[in-house]
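Biologist: Before we discuss the terms used for this protein, please show me the sequence and the structure.

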Amino acid sequence: MPSVNVTGMLPLRIVETERPDFDEPVVELWREDDFVGMVFWDGEEAIVQIFPNGAGDVHDIGVEDIFRVLELAVQIVMPEDQLDAAGDAFLEAINASAPESAWDDEDPFTRTLTDEFDDRVVFRAEDGEGFFDKRTALELVDRCEQLSLAVVTMDGFDLEGAVLIPRPDLGLAIAGPAGLDWGVRAAAANAQVRAALENWPSRSTLVAAFVIQQSDGETFIA
């Protein structure tokens, strides 16, 4: 039987939905465009269903990845009054049952992105901010789309030696509309950034810096 490289697979992402047959929100689990399963509240507890993939085979999911998405999914589908009543003890119980390494402070999607792009910067400032050439910047935005991250700020500069020259006309800040689920907002933000980037001049000195948002609302500098 061939081995499965779980660590090389794209991480799961969640999409909160409303379905007419359910009183509480339903959380769908996706890997890129492949529907993996769903989490819902059955009146007494949270239930997770995993479905076959498009070829009818099983989904291979990393243990840390499934614990990560299930912690958030349970909090979404659980009725608010029961979640409040359960309090911190409920979350502590979930955390205690998960692999220890899955609960560090860094979002695994963020870690994946930074691991892949840290060494592709053309310049890194003293405060840690990275600057990317246009081609790499476009690849970074595409990867954010795959990882359910959203580029919310992009700033353009010309890099002359070790000197950064701001280009305010190439800056972009995304204000996502409220009320939409995270997947829709992230896709809209990334589409705006990608379109702006594609229209940038192609001179070799032009570089971009990004602020990226996670699904939990936290932001970080690439």
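Modeller: This is a predicted model. In it, α4 passes α5 in a left-handed crossing. The two helices pack at an angle of about 170°, their axes being 10 Å apart.

Biologist: What makes α4 roughly antiparallel to α5?

Modeller: The angle between α4 and α5 is about 170°, and angles over 145 degrees count as roughly antiparallel. Therefore α4 is described as roughly antiparallel to α5.

Biologist: Which residues make the contact of α4 with α5?

Modeller: From α4 come K134, A137, L138, V141, D142, C144 and E145. From α5 come A186, A187, N190, V193, R194, L197 and E198. Sorted by class, the residues of this contact are 8 nonpolar, 1 polar and 5 charged.

Biologist: How do you know how α3 is directed relative to α4, roughly parallel or roughly antiparallel?

Modeller: The axes of α3 and α4 are 11 Å apart and meet at an angle of about 160°. Because angles over 145 degrees count as roughly antiparallel, α3 is roughly antiparallel to α4. The crossing of α3 and α4 is right-handed, whereas that of α4 and α5 is left-handed.

Biologist: Which residues form the contact of α3 with α4?

Modeller: On the α3 side they are T112, L113, E116 and F117, and on the α4 side T136, E139, L140, R143 and C144. They divide into 4 nonpolar, 2 polar and 3 charged residues.

Biologist: Which residues have the most contacts inside the largest nonpolar core?

Modeller: They are L113, L140, L149, V193, L197, F210 and I212, in a core of 28 residues. Two or more residues each are given to this core by α3 (108–117), α4 (134–146), β7 (150–160), α5 (182–198) and β9 (206–213). The largest share, 5 residues, comes from α5. Apart from this core lies another, of 12 residues, which includes L12, V27, V36 and M78.

Biologist: What does I212 touch, leaving out residues up to four places away in sequence?

Modeller: I212 touches L113, L140, C144, L149, A150, V151, E218, T219, F220 and A222.

Biologist: Why is T219 called partly exposed?

Modeller: T219 has a relative accessible area of 45%. Buried means under 20% and exposed means over 50%, with partly exposed in between. A value of 45% lies between these limits, so T219 is partly exposed. T219 is placed in strand β10 (residues 219–221), and it touches V211, I212 and Q213, not counting residues up to four places away in sequence.

Biologist: How far apart are the C-alpha atoms of T219 and T110?

Modeller: They are separated by 9.7 Å, although T219 and T110 are 109 residues apart along the chain. T110 is in helix α3.

Biologist: Is T110 buried or exposed, and how do you know?

Modeller: The relative accessibility of T110 is 5%. That is under 20%, so T110 counts as buried. Leaving out residues up to four places away in sequence, T110 touches L149, Q214 and F220.

Biologist: Why is S148 called buried?

Modeller: S148 has a relative accessible area of 8%. Since the cut-off for buried is under 20%, S148 is buried. This residue is found in the loop between α4 and β7. Its contacts, apart from neighbours within four places in sequence, are with R13, F109, W182 and S215. Phi of S148 is near 60°, a positive value in a residue other than glycine.

Biologist: What makes R31 count as buried?

Modeller: R31 has 14% relative accessibility. The value is under 20%, and therefore R31 counts as buried. R31 lies in strand β2 (residues 26–31).

Definitions and conventions
Residues numbered from 1 in each chain as written. Predicted model: local features only at pLDDT ≥ 70, side-chain atom pairs only at ≥ 80, totals over all residues. Heavy atoms only, no water. Helix = DSSP H or I, 4+ residues; strand = E, 2+ residues; numbered from the N terminus. Buried < 20%, exposed > 50% of the residue type's maximum accessible area, 1.4 Å probe, protein only. Contact = heavy atoms within 4.5 Å. Core = buried A, V, L, I, M, F, W, Y, C linked by side-chain atoms within 4.5 Å. Axes fitted to C-alpha atoms, helices over the stretch in contact; angles between N-to-C directions. Parallel < 35°, antiparallel > 145°, perpendicular 65-115°, else oblique. Left-handed = near helix turned anticlockwise from the far one by under 90°. Nonpolar A, V, L, I, M, F, W, Y, C, P; charged D, E, K, R; others polar.
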